[in-house]
Amino acid sequence: MRIIHCADLHLESPLQNFIDKEKRKERREELLNNLDRLVDYANDNNVEVILIAGDIFDVRQKRKGATRHIQGLIEDNPHIDFVLLKGNHDVGELFEDMENVPSNVKLFDNQVWKKYEYGDVVIKGVELSKDNYKDVALNLVLDPGKINIVTLHTGPANHKGEKEIYEINFNDLKKKHIDYLALGHIHRYIREPLDDRGVYVYPGCLEGRGFDEAGKKGFVLLDIEDGKITDTFVPFALREIHRIEVTVSADDNMTDIISNIHAVADAIPTKDLLEVVLVGKTNMNDLIDIDIRRIKREFEGSFYLFRVKDNTTVEIDYDSFANDKSLKGEFIRLLEKQEISDEDKSIIVELGIKALRGENLDI
């Protein structure tokens, strides 16, 4: 038997933070079409179950066309069971405008553990809420003679403004006869031992949505044979998001910087998204004038989306200015006394030195 374990599709995500209106629209369609690609993969590889461990959608308001698309896809593939667990982003019902949920859709609730059996394979899950998450593990009962797959959407809050998530202590799930704990919520692939019998796995999201979701994205394919589960991560993103650091030194000029970016960027497929982060410490007496606009002109047409960030910092040598009677020396000594972070001091000293030189400040 073969099962696909995926999670965090976040369909209908607004994608407002990093691309223009036309690309937002295009990427929303690509996220939706990824589900079609996933079903095609399932059909081509004899997959019987697609288990989605939460966050199918990203927002409450979703286009009727998107929900109908998914409903049609499920109805057109009655030989595949779609085992769907709600996540913290899933509000309302996927099939709320249908009189009958297709028989190949298997749902859970937040009242009791529900199970679906496929011979010796049991998939069991529950949707977490503020009323059940503290003791839900205590109520989990599994047959040690079965192959037990347990699914939950849980984990720590990922970022500021995250919708409420209920975290389960994995220690409470040990010695429960779990063979494979199919999780959702964390957007990167994680596979770790749960106990001496089972593992817990986050497949990550199918497709990265921003530069904070860089790296390989995909799903996990479970092969179940002779009472054993073999799980394999399958990269599947239509477009991979890359975030690379390029070190800048005080000896570099703009030609050097662009050449160094090319050295790592030229191997990245043009269909992908790339963010270049310039890092390194530069000498405050020999500041590099990094031309971000020039870098953008050089690379923007080479990728689906390109972004560059200047995270270089200025190394401040306070001791060398201890007795300096110039205006620059007074400025450095005054800055040293300020109770602000080294990062902010680096930014201030760069702007200050440029101002003292009479240069234009590009803020």
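User: What counts as a salt bridge here?
Analyst: A side-chain nitrogen of Lys or Arg within 4 Å of a carboxyl oxygen of Asp or Glu. This is a predicted model, where local features need pLDDT of at least 70, side-chain atom pairs count only at pLDDT 80 or more, and totals for chains, interfaces and linings use all residues. Residues are numbered from 1 along each chain as its sequence is written, and side-chain values use heavy atoms, with hydrogens and water left out.

User: How many salt bridges in the whole structure?
Analyst: The search finds 13.

User: Which residue does Asp196 pair with?
Analyst: Lys175, at 3.2 Å from N to O. Asp196 lies in the loop between strands E9 (190-193) and E10 (199-202), and Lys175 in the loop between E7 and E8 (180-184), so the pair ties together parts 21 residues apart in sequence. Strands (E) are DSSP runs of at least two residues, helices (H or I) of at least four, numbered from the N terminus.

User: Is Asp196 buried or exposed?
Analyst: Exposed, at 70% relative accessibility. Exposed means over 50% relative accessible area, buried under 20%, partly exposed in between (1.4 Å probe, protein chains only). Lys175 is exposed too, at 58%.

User: And Arg209 with Glu213, buried or exposed?
Analyst: Both are buried. Their side chains meet in a salt bridge at 3.3 Å, N to O.

User: Which residues form a network?
Analyst: Arg27, Glu30, Glu207 and Arg239, joined by salt bridges that share partners.

User: Switching topic: where is Ser129?
Analyst: Ser129 sits in the loop between strand E6 (121-125) and strand E7 (147-153). Ser129 counts as buried because its relative accessibility is 12%.
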